[in-house]
Amino acid sequence: MHLRRKWATLCGVLALGPALVSATTLYMSPSGSDSNTGASTKAALKTLKGVLAKVTATKPTDAVDIVVAEGTFASQSVIWNYFNGQPITFAPPTGATTKPIFDGEGTGLTWFTMGDSADAAVPTNLHFIGLTVTNYWLGLDLGRNKAPGNSYNEVRGMLFERVGAFYTHGLPNPKGYAALRLQQSSNNTITGNRFHGVKNSNAADSDGDGSNEDLTGYIHAIYAAHNSRGNVIADNEFNQVTGDAVRTRDGSDDNLIEGNRFITAGKYSAYSDWIADTGDECPSHGNRFKDNTVGDGYFGPFKAGFVTHVYGPDDRCSDGGGGTLPARIIETGTVVQ
Ligand SMILES: *[C@@H]1O[C@H](CO)[C@@H](O)[C@H](O)[C@H]1NC(C)=O
């Protein structure tokens, strides 16, 4: 008896052994139901809101794997506010041959918004892998405006297609901002994604004054604003983007933009750094634009010297102590096609 119990305990320990990182797995499927447990493919949940409700109720403290079945999820939208410091991953099952599709159906939705968490110091650690996000006004909004916790997120192998106000009949506003927006969001890796069709209209009224504006320049494939630092943006393809494909703003320093391909992407530049004229925004410094392949912009060839560009004064917010800040953009190895 005693021996047998010992043996059973030993077997249990061995069985757990190979799973070096323990994880809670939840399944979601277009044919699922939010009244299911989510514990198996047969009991899959249906919506991101359903998954959020589940983890909010059960409060897993280990990593959470959300296995997203292939197929099309219609008009889903979530403000995600469950974080436990461990990786929380949204990805198709191993062996999937297509990307699961989140289709916003052009009604003006934002697909996934990072909401506030109880403890702003805990890394958000969200991972988005191998999904299609299409027909949304804004795709992924890592916009939890609270440093330092908004960090160590990963966006990999995603397809953002037909995103922006051009595809949502100007809803909820004709001025769309981004397929992927970061605000106070740092140390993320954004790799191997494809951005195809990120657009605003060239004639729409965003401020209700009765006259149309050209809004094409306001939207970016990746928009990293307000102290979004140390992000790696690598090996992505940007195709058909009406505004500058990558835009940094306001103290978003030390980002690496490397090995990406820009095709008919960008209004004035493939990558630009910008600050608002008024207020207390700071130019970003030390951003590296390295070994990228750049074709024409959305409206034709860029002006000479405009593959990258900075706007606004370079010296605002400098401490006056005579220290030398790195250049705002350090461009090397661009291959112009
Ligand atoms: C990002 O990484 C750098 C370098 O490892 C670190 O100093 C910084 O605190 C990190 N920032 C956040 C918000 O995690």
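In the predicted model, strand S21 (residues 261-265) and strand S24 (residues 293-294) are paired in the parallel sense, with 2 bridges between them. Within this pair, Phe262 is positioned opposite Val294 of S24. Both strands belong to an open sheet formed by 9 strands, in which the pairing is parallel and the order is S3-S6-S9-S12-S15-S18-S21-S24-S27. In general, the strands of a sheet pair through backbone hydrogen bonds, in either a parallel or an antiparallel sense.

The largest pocket has a volume of about 160 Å³. Its lining consists of Tyr177, Gly217, Tyr218, His220, Tyr223, Arg247, Arg249 and Trp274. Two or more of the lining residues are contributed by each of strand S16 (220-225) and strand S19 (246-249). Classified by residue type, the lining of this pocket comprises 4 nonpolar, 2 polar and 2 charged residues.

The surroundings of the ligand were also examined. Pro148, Ser151, Tyr152, Ser186 and Asn187 surround the ligand. Of the 360 Å² of accessible area that the ligand has on its own, the protein covers 38%. The shell around the ligand contains 2 nonpolar and 3 polar residues, and no charged residues. At Asn187, an N or O atom of the side chain lies 2.3 Å from an oxygen atom of the ligand.

Key. Residues numbered from 1 in each chain as written. Predicted model: local features only at pLDDT ≥ 70, side-chain atom pairs only at ≥ 80, totals over all residues. Heavy atoms only, no water. Near = heavy atom within 4 Å. Polar contact = N/O pair within 3.5 Å; in protein donor to acceptor, adjacent residues only side chain to side chain. Areas by Shrake-Rupley, 256 points an atom, 1.4 Å probe, with all protein chains shown as cover. Nonpolar A, V, L, I, M, F, W, Y, C, P; charged D, E, K, R; others polar. 1 Å grid on protein atoms, 1.4 Å probe; cavity = no way out; pocket = protein on both sides within 12 Å on 5 of 7 lines; lining within 4 Å. Points joined across faces, edges and corners; volume = space filled by probe spheres on them. Helix = DSSP H or I, 4+ residues; strand = E, 2+ residues; numbered from the N terminus. Pairing = 2+ DSSP bridges.
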